[in-house]
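Work through the exercises below with the structure open.

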Amino acid sequence: MEKDIVKGYVRYLKLQRGMSGNTLDAYQRDLRKLLDYMEHENKEVREVELEDLEHFSAGLHDIGIGARSQCRILSGVRSFFRYLQLDGYRDDDPTELLESPQIGDHLPEVLSTEDVDRLETSIDLSKWEGHRNRAIIEVLFSCGLRVSELVNLKLSDLYLDDEFVRVIGKGSKERLVPISKNAIRELGYWFDDRNHMDIKPGEEDYVFLNRRGAHLTRTMILIMIKRQAETAGIHKTISPHTLRHSFATALLEGGADLRVIQALLGHESIGTTEIYTHIDTSMLRQEILQHHPRNMKR
């Protein structure tokens, strides 16, 4: 019975909530943690009470899972029990009073334009993947793409004459994002190399390929960027997401409206976009000192 419930839940997430494959996998991994715990406690999901979930939550902390990851797991648990109630497996939702751990604001690392230039100039263009890697970094920084959006980017999504790319985001939602002339130039150099590759059947439309002619994975890009940061002497903990965050932060500091940034990033909620609104406090202080009437010399 439990397997049937889980299958129904996964179908619900996919069809009714429009979740992508990567998000579905994450939800299922997090749910498996709860199911394994309940199996150990000899309890079925239809018998779970608030106290059981509180013990489960405490156990996550005990095994060293961080507060942010705990919140993500518990969010998935809430989604699962809402489904059980909606589909008639339960009359109540035991997660209604379940508290999540408190987490402080986490401000990801930000790369300046100079940092991104250092990343790109540190790439060895004599290697076959050199122009490809420069194009990857420039597209991530210029368009603010998620790494999953980048690896699935297709040639048929590029409207380079109009300086736009079509992006398929979370929930298969499409958005158009402007692409810079720098990124278009770097793509052109990569396409010169790409045109001489043996491409696997079925992979012809993917923009970025590995040396075997197949599209890249998220892990490949993560490893490449970390190695390139080391080569460039950038001593920050960075990932592909760092370039997305840097894109949003640069727009904000340049005066872009938060709603515009929300649309470019493909966020459904403006609250999610607010994570990207970190501006260095010293800059804020300087702005106040320069422009607030109480600080201006008469």
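**Exercise 1. Compare the span of helix α2 with the expected value, and find which way the helix faces.**

Step 1. Helix α2 covers residues 21-40, 20 residues in total, and spans 29 Å from first C-alpha to last, close to the 28 Å expected at 1.5 Å a residue. Helices (H or I, at least four residues) and strands (E, at least two) are DSSP runs, numbered from the N terminus. The expected span is 1.5 Å times one less than the number of residues in the helix.

Step 2. The buried residues of α2 are Leu-24, Tyr-27, Asp-30, Leu-31, Leu-34, Leu-35 and Met-38. They lie on the same side of α2, because they cover an arc of only 145° around the axis. Buried means under 20% relative accessible area, exposed over 50%, and partly exposed in between (1.4 Å probe, protein chains only). The arc is taken from the directions that run from the helix axis to the C-beta atoms.

Step 3. On the face turned away from the buried side, α2 carries the exposed residues Arg-29, Glu-39 and His-40. Just after α2, Asn-42 has a positive phi of about 55°.

The model is predicted: local features need pLDDT of at least 70 and side-chain atom pairs count only at pLDDT 80 or more, while totals for chains, interfaces and linings use all residues. Residues are numbered from 1 along each chain as its sequence is written, and side-chain values use heavy atoms, leaving out hydrogens and water.

**Exercise 2. Describe the aromatic pairs that Tyr-9 forms with Tyr-12 and with Phe-80.**

Step 1. Rings of Phe, Tyr and Trp (its six-membered ring) pair if their centres lie within 6.5 Å; planes under 30 degrees apart count as stacked, over 60 as edge-to-face and the rest as tilted. The count comes to seven aromatic pairs. One of them is the stacked pair of Tyr-9 and Tyr-12, 6.4 Å centre to centre with 25° between the planes.

Step 2. Tyr-9 and Tyr-12 are three residues apart in helix α1 (residues 2-15), so about one helical turn separates them. Tyr-9 counts as buried because its relative accessibility is 2%; Tyr-12, at 17%, also counts as buried.

Step 3. Tyr-9 and Phe-80 make an edge-to-face pair, 5.1 Å centre to centre with 75° between the planes. This pair links distant parts of the chain, with Tyr-9 in α1 and Phe-80 in helix α4 (residues 67-86), 71 residues apart.

Step 4. Tyr-9, Tyr-12, Phe-80, Phe-81, Tyr-83 and Tyr-89 form one aromatic cluster.
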